[in-house]
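Hi,

Here is the structure I promised to pass on. Have a look at it first, and then read my notes below.

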Amino acid sequence: MIVAVASGKGGTGKTTVCASLASVWERPAVAVDLDVEEPNLHLFLRPVVRWREAATLETPVADPARCTLCRKCTDLCQFKAVAVLGKRLAVFPEMCHGCGGCLAVCPEGALGVGSRELGSVEGGETRNGHYLAGRLRVGEAMSPPLQRAVKARLASILSRTGGDALLDCPPGVSCPAVNAVRDAHVILLVAEPTPFGIHDFTLALEAFAPLGKPMGVVINRAGHADSTLTRLCAEKGVPVLLEIPYDREIAREYASGGVLAAMNPRMAARFADLRDALPRLIKEAAHA
Amino acid sequence: MREIVVVSGKGGTGKTSLTAAFADLAGRAVVCDLDVDAADLHLVLTPALERREDFFSGHEAVIDPARCTGCGICATLCRFGAVLPEGGGYRIDPTRCEGCKVCVSLCPEAAVNFPERRCGEWFTGQTRFGTLVHARLTPGAENSGRLVTLLKKEARAIALADGLELVLCDGSPGIGCPVISSLAGANLAVAVTEPTPSGRHDLERLLELCARLRTRACCVLNKCDLNAAEARAIEELCAARDVEVVARLPHDDIVFEAMLRGRAVTELPGAPMATLLKQAWNRLAALSELGRPAPWRP
Ligand code: SF4
Ligand code: SF4
Ligand code: SF4
Ligand code: SF4
């Protein structure tokens, strides 16, 4: 089972929910940080990192001796990553999406394969499972290819161990967020009952609903008089699986990098309930 | 013309509430919401719609089943796994297509069309603090960096036309493409952070990005009383990088209250927070007048 923990906006407590789930998980599981721009899961899980490797993207390298400046590659490239400047073909690797199109169309074989470093992928162990994360290089603009590298690693781990995966996804509703939740069996949306939170949650529902996966909601900082979020969930038919109350003690725990489920037995029990609700949600969706 | 961009390594640090307060304090400015992925500023500024435009960015591939012979060349060439087999032929999943044109160029039957991709819409509107430029990205769309660039361009054009000296932006979170676009050409980045391990971690990466882009940065430490040790660590981090902490704002329910009422904190009567924000605003307005910082050396 792959569980994606996502949120319409950042700062809703997505990472601490993901870490908490990981800490109460009973079967072997990989906790994966797919929020490669701001990877924070390790701050909560404190894994022992056993390996780290560079993740790269294939970008073209021009051979001026062979290039006839026919411009077939520059006509194809949609990202302005190759251009003819004066009497020379120039490559801008940082703009390249690695589609391989220019290499495929060059009639002279004038383009070779180079690479751009996207960031790194790292892995190791937590107290009760595996850990995997991507870390975007500062200055690198594209996170989806690094996410793909992390997911490829995850697939190979899962095929070996056959366990579950808990994905800490990037916030928001654009391409990196949708990419991250795409392979999940169930999506857990963490939301806040504030006007901003509700607005962003609505966008998240809109973004993820077309994927047709079962979804559940965790309401964080609950307890303010506003019941709009609960009503909205009922209206949209998305069950609220857990409510984490708004309280200063919890905020402090979070601020010091604590895992909510490890705070006290009461919290641990609530996250265990959340864990048990997930397979039920998947089953119900399959029958519906 | 000056451009001040409020940024934060991660979301939820109070960036939008702070931008709203600064918009109130700035008076004559064009306000721009660059957090296109979770655009929330309009919830506080409640603009009256003036203009609305579609946002197109790039293209998407669409297979014409009438011409496709099902040879599968496109599926082999597509590096993004966007071409999927379907009923003997092929179909393109628009959420995976990067619009790279490879299948379009190399399909032997010219069976792939390549229309422009509509990625969202953008608006301008009048608010009680001046013009707001904001957008709504189609959920799942990419290229928000381009949308950010477009919004900034519009905001600058409006400022120029109206004779205003300042563009104030609510920037995108993270450190990827949209933030890089948010910071491009800005006079000052205001990094909002919280005293938590993730807050510090994200701030560190953000300040490094600012340094690389040679954008002057200052810091607002929000909820500074949440964790004394972390607050100290952030102060040290900023000092080491020569980044001024322009405000230390305590955790105060008034921020939440203001959000619930759709107001800027500075609009609520008698908030002590308002005084701190006023001081912060004066300081960062002054910082934005300085030139670019020295080049970054790793
Ligand atoms: S690989 Fe694709 S994106 Fe990169 S330069 Fe070639 S055509 Fe452009
Ligand atoms: S397609 Fe090949 S030969 Fe033509 S301009 Fe590009 S690199 Fe040069
Ligand atoms: S390459 Fe063209 S003809 Fe072949 S499967 Fe793709 S769309 Fe159809
Ligand atoms: S345009 Fe590129 S990404 Fe889209 S389907 Fe064609 S080859 Fe794949």
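What percentage of the 298 residues of chain B count as buried? The figure is 56%. Before you go further, please keep in mind that this is a predicted model, and everything below was computed from it.

**Chain B as a whole**

Let me stay with chain B for a moment. Its secondary structure comes to 10 helices and 13 strands. Taken along the principal axes, the C-alpha atoms of chain B fill a box of roughly 70 × 45 × 35 Å. The chain splits into two domains: domain 1 takes in 2-55 + 119-289, while domain 2 covers 61-114. Between the C-alpha centres of domain 1 and domain 2 of chain B there are 41 Å.

**An aromatic pair in chain B**

How many aromatic pairs are there over all chains? The count is one. The partners are Phe22(B) and Trp281(B), with 5.5 Å from centre to centre and 35 degrees between the planes, which makes the pair tilted. Phe22(B) belongs to helix α1 (residues 15-26) of chain B and Trp281(B) to helix α10 (residues 272-287) of chain B, so the pair ties together parts that lie 259 residues apart in sequence.

Along the chain Ala280(B) and Phe22(B) are 258 residues apart, yet their C-alpha atoms are separated by 9.1 Å.

Ligand 3 is surrounded by 13 residues, and the closest are Cys68(B), Cys71(B), Gly72(B), Cys74(B) and Cys107(B). By class, the shell around ligand 3 has nine nonpolar residues, three polar and one charged.

Ligand 4 has 13 residues around it; here the closest are Cys78(B), Cys97(B), Glu98(B), Cys100(B) and Cys103(B). The shell of ligand 4 divides into 10 nonpolar residues, one polar and two charged.

**Ligand 2**

On chain A, the residues that surround ligand 2 include Cys67(A), Cys70(A), Cys73(A) and Cys106(A). Arg71(A), Lys72(A) and Glu108(A) are also among them. In total, the shell around ligand 2 has eight nonpolar, one polar and three charged residues.

β10(A) has a parallel partner in strand β9 (residues 186-191) of chain A, and five bridges join the two. With helix α7 (residues 195-208) of chain A, β9(A) and β10(A) make a right-handed β-α-β unit.

β10(A) is also joined to strand β11 (residues 240-245) of chain A, in parallel, by four bridges. There, Ala222(A) stands opposite Pro245(A) in β11(A).

Leu189(A) turns up in one more place. Gly8(A) is 181 residues away from Leu189(A) in sequence, but their C-alpha atoms are 7.8 Å apart in space. Gly8(A) sits in the loop between β1 (2-6) and α1 (14-24) of chain A, and at 7% relative accessibility Gly8(A) counts as buried.

**Strand β7 of chain A**

Strand β7 (residues 130-136) of chain A is mostly covered, with five of its seven residues buried. Which strands does β7(A) pair with, and in which sense? Strand β2 (residues 29-33) of chain A pairs with β7(A) in the parallel sense over four bridges, and Val32(A) stands opposite Leu132(A). Strand β6 (residues 111-125) of chain A pairs with β7(A) in the antiparallel sense, over seven bridges. In that pairing Glu125(A) stands opposite His130(A), and a hairpin through four residues joins β6(A) to β7(A).

Best wishes

Conventions
Residues numbered from 1 in each chain as written. Chains lettered and ligands numbered in written order. Predicted model: local features only at pLDDT ≥ 70, side-chain atom pairs only at ≥ 80, totals over all residues. Heavy atoms only, no water. Near = heavy atom within 4 Å. Nonpolar A, V, L, I, M, F, W, Y, C, P; charged D, E, K, R; others polar. Domains from an automatic or database assignment. Pairing = 2+ DSSP bridges. Right-handed = clockwise from strand over helix to strand, strands pointing away. Phe/Tyr/Trp six-rings, centres within 6.5 Å; stacked < 30°, edge-to-face > 60°. Buried < 20%, exposed > 50% of the residue type's maximum accessible area, 1.4 Å probe, protein only.
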